[in-house]
Amino acid sequence: MAELIDIAIVGGGPAGLTAAIYGARAKMNTAVFETAFPGGQIVSASWVENYPGFPDGVSGADLGDLFAKQAENAGAVFHNLSPVEAIRREGDHFVLTVGKDEVPSRVVILATGAIPKKLGIPGEADFTGRGVSWCATCDGPLYRGKTVAVIGGGDSATQEALYLTKIADQVHLIHRREELRATQCLQDECFFHPQIEMHLNYNILEITGENGKVAGVRLRSKADDTEKLIPVDGVFEFVGVDAKSELVKDLCDLDAAGFVKVDLNGATSCPGLYAAGDVTIYELKQVVTACARGAFAAFHAAHWLETRGRGA
Ligand SMILES: Cc1cc2nc3c(=O)[nH]c(=O)nc-3n(C[C@H](O)[C@H](O)[C@H](O)COP(=O)(O)OP(=O)(O)OC[C@H]3O[C@@H](n4cnc5c(N)ncnc54)[C@H](O)[C@@H]3O)c2cc1C
């Protein structure tokens, strides 16, 4: 068994990386375990305009890199390409299964975030990677001069639709409700953008294809049940996220949708197990809130360890 650490952080997104900064600065032996490389979901955001300190905005990839660098400078130890496969309680500590290793830790901060929801409609699985995408930054450049559909009505959908207008000739923004949920300034930009056509109050029935690639989307109006087929070359889905909470489902309380229940300090119902960011319950799932929750979780985790006596 590996050496006992103070704080094991599972997930290197904004919540986990901020927890790492606070944990390491509290002089706790702090390690971050990340499935891939640090940064989290924000790495797939083309441009972030609402994180304080960057008046002209910053690319999601750069922001993720900066968080990771700061956590590393603070003294956190990174284990990249190291997905945590299981977490169990053993006596007064936890044991993380990471590949062939068993890593004991006094405290665990779960910051595994969320994964984009899928629509589950016909054509989605068939054309995933062949026209259906969840990342405009990654796949947008494939649609230069083409037509794409963006599905969703929140900040991510509107923001990424605007980004895609810089590449594609036309963007169809499709939302199942009569009104968008996005921040008003993003809504205004989309409504007045000459390359964006809005399709509000439409259910998306199917992604159609031709020659193994996306060819269109079939929609049904919720107002009058009429259907229409819009020819598109690509479909980008931004319809919310599912919590990545499987690791702790038998250790602490989750809500009905699978999000981890935490108190204001980030503590779960299991002593010593904290959680922060998109994997937990709260409405405004953003970088700034994930960072704040990561800070709370690490601050209180360190305090909890100190009050119990670190060597205990
Ligand atoms: C396209 C897009 C655009 C966005 N734009 C903005 C924006 O402009 N402004 C804004 O504020 N927010 C934006 N967001 C939302 C923001 O990215 C998230 O709210 C934020 O990243 C949540 O941070 P997190 O650390 O909780 O989780 P995540 O960012 O999801 O990070 C979780 C990390 O945990 C890792 N992980 C998961 N399971 C394991 C495991 N078992 N073992 C080890 N590691 C694991 C994952 O690989 C991931 O790196 C956007 C999101 C998307 C998808």
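**Ligand shell, domains and packing**

Student: How many nonpolar, polar and charged residues are in the shell around the ligand?
Tutor: Count by class, with Ala, Val, Leu, Ile, Met, Phe, Trp, Tyr, Cys and Pro as nonpolar, Asp, Glu, Lys and Arg as charged, and the others, Gly among them, as polar. The shell around the ligand then splits into 17 nonpolar, 15 polar and 5 charged residues.

Student: What kind of model is this, and how are residues numbered?
Tutor: Residues are numbered from 1 along each chain as its sequence is written. Local features need pLDDT of at least 70, side-chain atom pairs count only at pLDDT 80 or more, and totals for chains, interfaces and linings use all residues, since the model is predicted.

Student: Which residues come nearest the ligand?
Tutor: A residue is near if its C-beta atom, placed from the backbone, lies within 6 Å of the molecule. There are 37 residues around the ligand, and the nearest are Gly11, Gly13, Gly40, Gly113 and Gly277.

Student: Which helices each supply at least two residues of that shell?
Tutor: Helices (H or I, at least four residues) and strands (E, at least two) are DSSP runs, numbered from the N terminus. The helices to pick are H1 (14-25), H4 (155-165) and H6 (287-308).

Student: How far apart are the C-alpha centres of domain 1 and domain 2?
Tutor: The bounds, from an automatic or database domain assignment, are 5-115 + 241-308 for domain 1 and 118-237 for domain 2. Each domain gives the ligand shell at least three residues. Between the C-alpha centres of the two domains the distance is 32 Å.

Student: Over how many bridges do E8 and E15 pair?
Tutor: In this pair, valine 132 stands opposite valine 235 in E15. E8 and E15 (residues 234-237) pair in the parallel sense, over 2 bridges.

Student: At what angle do H1 and H6 cross?
Tutor: Axes are lines fitted to C-alpha atoms, for helices over the stretch in contact (C-beta atoms, placed from the backbone, within 7 Å). Angles run from 0 to 180 degrees between N-to-C directions. The axes of H1 and H6 come within 7 Å, and the crossing angle is roughly 35 degrees.

Key
Pairing = 2+ DSSP bridges.
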